[in-house]
Amino acid sequence: MTDVTIEEMPLPASLDGPEGAAFAEMVAVRNEIEAAAVGNYDLAETPAVILAQNSNPYEPLRLFVARGDGRIVGRSLHELQSGDDLRSAWVTAEVLPEFRRRGIGTQLFERALEIAVADGRSIVQSFAMHSMMGGDRIDSPTGFGSVPRDDPGARFLAAKGFELAQVDRMSRLPLPSGREVPDAPPGYELEQWVGATPERRLGDIAALQQRMSTDVPLGETDHQPELWDEERVRDLDRRRLSEGRHWMITAARHVASDSLVAFTELVTAHDTSRPAFNNSTLVLHEHRGRRLGMLVKAANLRLLKESAPGHPSVYTWNAEENRHMLDVNEAIGFVPVGYEGSWKRSLA
Ligand SMILES: CC(C)(COP(=O)(O)OP(=O)(O)OC[C@H]1O[C@@H](n2cnc3c(N)ncnc32)[C@H](O)[C@@H]1OP(=O)(O)O)[C@@H](O)C(=O)NCCC(=O)NCCS
């Protein structure tokens, strides 16, 4: 076992000063570990983005780093979710490739697990970006998707008593996309904006975000409904503003009720060599089957082309069993490039 110390890293108030520098070092380590799994740096993030994401008051998080050889060599996270009934927590550990198989991952993981145990959680969950290696597979309990049994994340989590709960597909769309924007079906209109949610739409977006936590396939994961109100949307917009990225939202308005019933989000860095990401996409149940998913996605890609041209690609994540969403994405031109597994273990 390598001589490392595991320390909690408090979130810095800003990225200036020594605490900000330590946070930036942690983010560089995060990016290296992710690139080792994915095979490139497309998913690398800036410290500003990670700080904004980690500072979510609705999903409190504790961060630990392993230091050895005078540098950060790994990190772990302990995360709660809003609306959580205190039954489960998410825990992850990551170690730089050159420091693996020396027990550092186990030390980090156990530090974050201790909190779940002390909090009286009965379920702990984890996720891993799995490699595209061949060989024997572990099948998802949903019946859709699998992960390599022998990649480091799968071996580590299986050794710690976790079972696979769901598989998400990571897909990439090369740009420019030639997809035409279809006409809106009768009774619906498009609404689009860049940046913060318009004041009059805060309630609609809160309702759509809340349904994102219940109306998407969740596999065997333990996932509690999130609670969203206008203030939570404002908080999200404030943190997004601090990231220094460009957010684009396209929604479908149901004309009769003047309410938004579908939405999708794209985000890009200002650096045009970086890819864009398609975050949430949702069509409310009662409005499905009218091709609103394709409408908002295609219209948002057009908004990307108009308001932030020049990016090489778009990435998105979908549950492997989410056939309707995958049909839309495949028709647009997204192709699978990786798989992420959600894992679960009982602490009882
Ligand atoms: C998974 C990860 C954290 C393991 O870190 P690590 O420091 O190598 O972990 P440890 O040395 O404590 O390994 C603990 C056990 O996990 C298993 N394991 C970990 N990596 C393995 C590998 N490449 N092949 C086989 N077994 C492996 C083994 O049982 C190992 O015990 P052993 O070395 O005594 O056989 C590291 O590979 C990593 O950062 N991967 C990318 C992120 C990730 O997938 N994290 C896991 C989900 S949160």
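Predicted model: local features only at pLDDT ≥ 70, side-chain atom pairs only at ≥ 80, totals over all residues.
View 1. Residues are numbered from 1 along each chain as its sequence is written, and side-chain values use heavy atoms, with hydrogens and water left out.

**View 2. Overall size.** The C-alpha trace spans about 65 × 45 × 40 Å along its principal axes. The radius of gyration of the protein chain is 20 Å, which agrees with the value near 20 Å for a compact globule of 348 residues. That radius is taken over C-alpha atoms, and the globule rule is 2.2 Å times the number of residues to the power 0.38.

**View 3. Where the domains meet.** Domain 1 and domain 2 bury about 2000 Å² between them, 46% of it on carbon and sulfur atoms. (Buried area is the accessible area, with a 1.4 Å probe, that two parts lose on being put together, summed over both.) Between the two domains there are 11 residue pairs in polar contact, both residues at pLDDT 80 or more. (A polar contact is a pair of N or O atoms within 3.5 Å; within protein, one must be able to donate a hydrogen and the other to accept it, and residues adjacent in sequence count only if both atoms are side-chain atoms.) On the side of domain 1 that touches domain 2, H2 (47–54) is one of the elements that supply at least two residues, and H2 gives the most, with four.

**View 4. A salt bridge between arginine 232 and glutamate 59.** Their side chains meet at 3.8 Å, N to O. A salt bridge needs a side-chain nitrogen of Lys or Arg within 4 Å of a carboxyl oxygen of Asp or Glu. Across the interface of domain 1 and domain 2, the rule finds three.

View 5. Aspartate 258 pairs with arginine 201, their closest N and O atoms being 2.9 Å apart. Aspartate 258 lies in the loop between strands E10 (245–254) and E11 (259–269), and arginine 201 in the loop between strand E9 (188–194) and helix H5 (202–212), so the pair ties together parts 57 residues apart in sequence. The whole structure has 34 salt bridges.
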